[in-house]
Amino acid sequence: MGIGSIECDILLGDVRSLKQKRSVVRPLISELQRRFSVSAAETGWLDLHRRAGGGVAVVAADRAHVVDVLDGAERLVAARPEIELPSARRDLRRSDD
């Protein structure tokens, strides 16, 4: 069994309030959950309006599928025009680690 997660640092463009931030981050989290069947959440910098942290976690029968899902999730976040993705950190494990 493979277990993987990715933690993304997200910079938001022209966002001037926490309400505007939510209008960008919440749909992104929902799309990640819907498209990839993963656990996803806003995980950091909750009180800043131009920065966010996002986390995605996946468990699958094999490591290759975990890597494919995390690659797709990272591409989805990076492809959003209103978002800049300065860094993403991955953690891959096997169930016997």
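Predicted model: local features only at pLDDT ≥ 70, side-chain atom pairs only at ≥ 80, totals over all residues.
Leu11 stands opposite Arg51 in strand 3. Strand 3 covers residues 51-60, and strand 1 covers residues 2-12. The two run antiparallel and are joined by 10 bridges.

Strand 1 has another partner in strand 4. These two strands also run antiparallel, with 10 bridges between them. One point of contact can be located by residue: Ile3 has Arg93, in strand 4, as its bridge partner.

Strand 3 in turn pairs with strand 2. Here 5 bridges connect the two strands, again in antiparallel direction. Gly53 in strand 3 is the bridge partner of Gly44, and Gly55 in strand 3 is the bridge partner of Ala41. Strand 2 and strand 3 make a hairpin, with 6 residues between them. Trp45 lies in that turn and has a positive phi of about 55°. Arg51 is placed over the face of Trp45, at 3.8 Å from the ring centre. As for ring-to-ring pairs, a search of the whole structure gives 0 aromatic pairs.

Put together, these pairings give an open sheet of 4 strands in the order 2-3-1-4, with antiparallel pairing. Strand 2 (39-44) and strand 4 (83-94) are at the edges; each has a single partner strand, so one side of each has no neighbour in the sheet. On average, neighbouring strands of this sheet are turned by 20° against each other, direction ignored. In general, strands of a sheet pair through backbone hydrogen bonds, either parallel or antiparallel.

Two helices pack against these strands. Helix 1, residues 18-36, lies across strand 1, strand 2, strand 3 and strand 4. Its direction is at about 150° to strand 2. Helix 2, residues 63-79, packs on the sheet and touches strand 1, strand 3 and strand 4. The direction of helix 2 makes about 170° with that of strand 4.

The helices also meet each other. What describes such a packing is the angle between the two axes and the distance between them. For helix 1 and helix 2, the axes come within 11 Å and cross at roughly 150°. Angles over 145 degrees count as roughly antiparallel, so helix 1 is roughly antiparallel to helix 2. Their crossing is right-handed. On the helix 1 side the contact involves Leu28, Glu31, Leu32, Arg35 and Phe36. These residues meet Val69, Gly72, Ala73, Leu76 and Val77 in helix 2.

How values were computed. Residues numbered from 1 in each chain as written. Heavy atoms only, no water. Pairing = 2+ DSSP bridges. Axes fitted to C-alpha atoms, helices over the stretch in contact; angles between N-to-C directions. Contact = heavy atoms within 4.5 Å. Phe/Tyr/Trp six-rings, centres within 6.5 Å; stacked < 30°, edge-to-face > 60°. Lys NZ or Arg CZ within 6 Å of the ring centre and 35° of its normal. Parallel < 35°, antiparallel > 145°, perpendicular 65-115°, else oblique. Left-handed = near helix turned anticlockwise from the far one by under 90°.
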